[in-house]
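Here is a friendly briefing to read beside the model. Have the sequence and the 3D view open as you go.

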Amino acid sequence: YSLKNWKTNRHIFIFLIAFYLINDGLSTLVYFTSVFASTTLKMPTTEILTSFLVVQLIGVPATIFFSKLSERVGYMKVFISSVILWIFLGIAFVLVSTTLHFYILSAFVGLVIGTTPALARAIISTYLENRKDSTEIFGFNAMASRTSAVFGPLLFGLVSTAFHSQKIGLLSLTLFFSLGLFLLLYKK
């Protein structure tokens, strides 16, 4: 039913497609940073784990803070800002050459790693408030988001192999964030 009526629900489906792109870039970036850290930066496992701890220690309070902020300034504004930061983070991976750089980048990842998906769920919930087909759209969202998650790792693998550089592979993920951002801005 929901797919048949996509024109009626155009703003919802455009947002969902944008979110799938953004989430695929986000997930791939997070999953492959440990591979990047160990093979490209030659970081030991303990330092990689420490960097992920930094992400979590910053991520939890940042998600709470930005969720509260978005209640005042608007969910979409803060969500779009988080996507812009993801684009800069994807670009920043090209510049990372030391463990210190990686820790700094981890701190910035912590700012948006929980914020982005939390705000996306809030926006979707707002769109679906008081709708009879909300469970159907949430079900579609769950299935489609898992299906779309293959494209990020595929792009990362192809680009990393073609250019013999995981930095360029991580940079290529900015394509997902940029396309998602374009759809968010176009949707308006």
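**A threonine to start from**

Thr115 is found in helix 5, where helices (H or I, at least four residues) and strands (E, at least two) are DSSP runs, numbered from the N terminus. Thr115 is buried, at a relative accessible area of 1%; buried means under 20%, exposed over 50%, and partly exposed in between, with a 1.4 Å probe and protein chains only. Setting aside neighbours within four places in sequence, Thr115 is in contact with Ala62, Thr63 and Phe66, contact meaning heavy atoms within 4.5 Å.

This is a predicted model, in which local features need pLDDT of at least 70 and side-chain atom pairs count only at pLDDT 80 or more, while totals for chains, interfaces and linings use all residues. Residues are numbered from 1 along each chain as its sequence is written, and side-chain values use heavy atoms, with hydrogens and water left out.

**Overall architecture**

- The protein has nine helices and zero strands, and along the sequence the pattern reads α-α-α-α-α-α-α-α-α.
- The radius of gyration is 17 Å, close to the 16 Å that the globule rule gives for 188 residues, so the protein is as compact as a globular protein of that length. This radius is taken over C-alpha atoms, and the globule rule is 2.2 Å times the number of residues to the power 0.38.
- Taken along the principal axes, the C-alpha atoms fill a box of roughly 50 × 35 × 25 Å.
- Of the 188 residues in the protein, 45% are buried.
- Among contacts between residues at least 6 apart in sequence, 79% join residues at least 24 apart.
- The accessible surface comes to about 9900 Å², and 70% of this area belongs to carbon and sulfur atoms. Accessible areas come from the Shrake-Rupley method with a 1.4 Å probe, and for residues only the protein chains shown count as cover.

**Aromatic pairs**

- A pair of aromatic rings is described by the distance of the centres and the angle of the planes.
- Rings of Phe, Tyr and Trp (its six-membered ring) pair if their centres lie within 6.5 Å; planes under 30 degrees apart count as stacked, over 60 as edge-to-face and the rest as tilted.
- By this rule the count comes to eight aromatic pairs. In one of them, the rings of Phe15 and Tyr127 have centres 5.8 Å apart and planes at 80°, so this pair is edge-to-face.
- Phe15 lies in helix 1 (residues 10-39) and Tyr127 in helix 5 (residues 115-128), so their pair ties together parts that are 112 residues apart in sequence.
- Phe15 counts as buried, with 0% relative accessibility.
- The rings of Phe65 and Phe66 have centres 5.1 Å apart and planes at 75°, so this pair is edge-to-face too. Phe66 is partly exposed, its relative accessible area being 21%.
- Phe15, Phe79 and Tyr127 form one aromatic cluster.

- Thr33 has its place in helix 1 and is buried, with a relative accessible area of 8%.
- Not counting residues up to four places away in sequence, Thr33 touches Phe52, Phe93 and Phe102.
- Between Thr33 and Val55, the C-alpha to C-alpha distance is 12 Å, and they are 22 residues apart in sequence.
- Ser27 is also found in helix 1; its relative accessible area is 18%, so it is buried.
- Ser27 and Ile113 are 86 residues apart along the chain, and their C-alpha atoms are separated by 9.2 Å.

**Loops with positive phi**

- Lys42 has a positive phi of about 60° although it is not a glycine. Its place is in the loop between helix 1 and helix 2 (45-73), and Lys42 counts as exposed at 63% relative accessibility.
- His164, likewise not a glycine, has a positive phi of about 55°. His164 sits in the loop between helix 7 and helix 8 (166-172) and is exposed, with a relative accessible area of 74%.

**A nonpolar surface patch**

- Val150, Phe151, Leu154 and Leu158 make a nonpolar surface patch of about 410 Å².
- Patches are made of residues with over 30% relative accessible area and no salt bridge; like charges are joined within 9 Å, and nonpolar side chains (Val, Leu, Ile, Met, Phe, Trp, Tyr) within 5 Å. A salt bridge is a side-chain nitrogen of Lys or Arg within 4 Å of a carboxyl oxygen of Asp or Glu.
- Leu158 lies in helix 7 (residues 151-163) and is exposed, with a relative accessible area of 54%.
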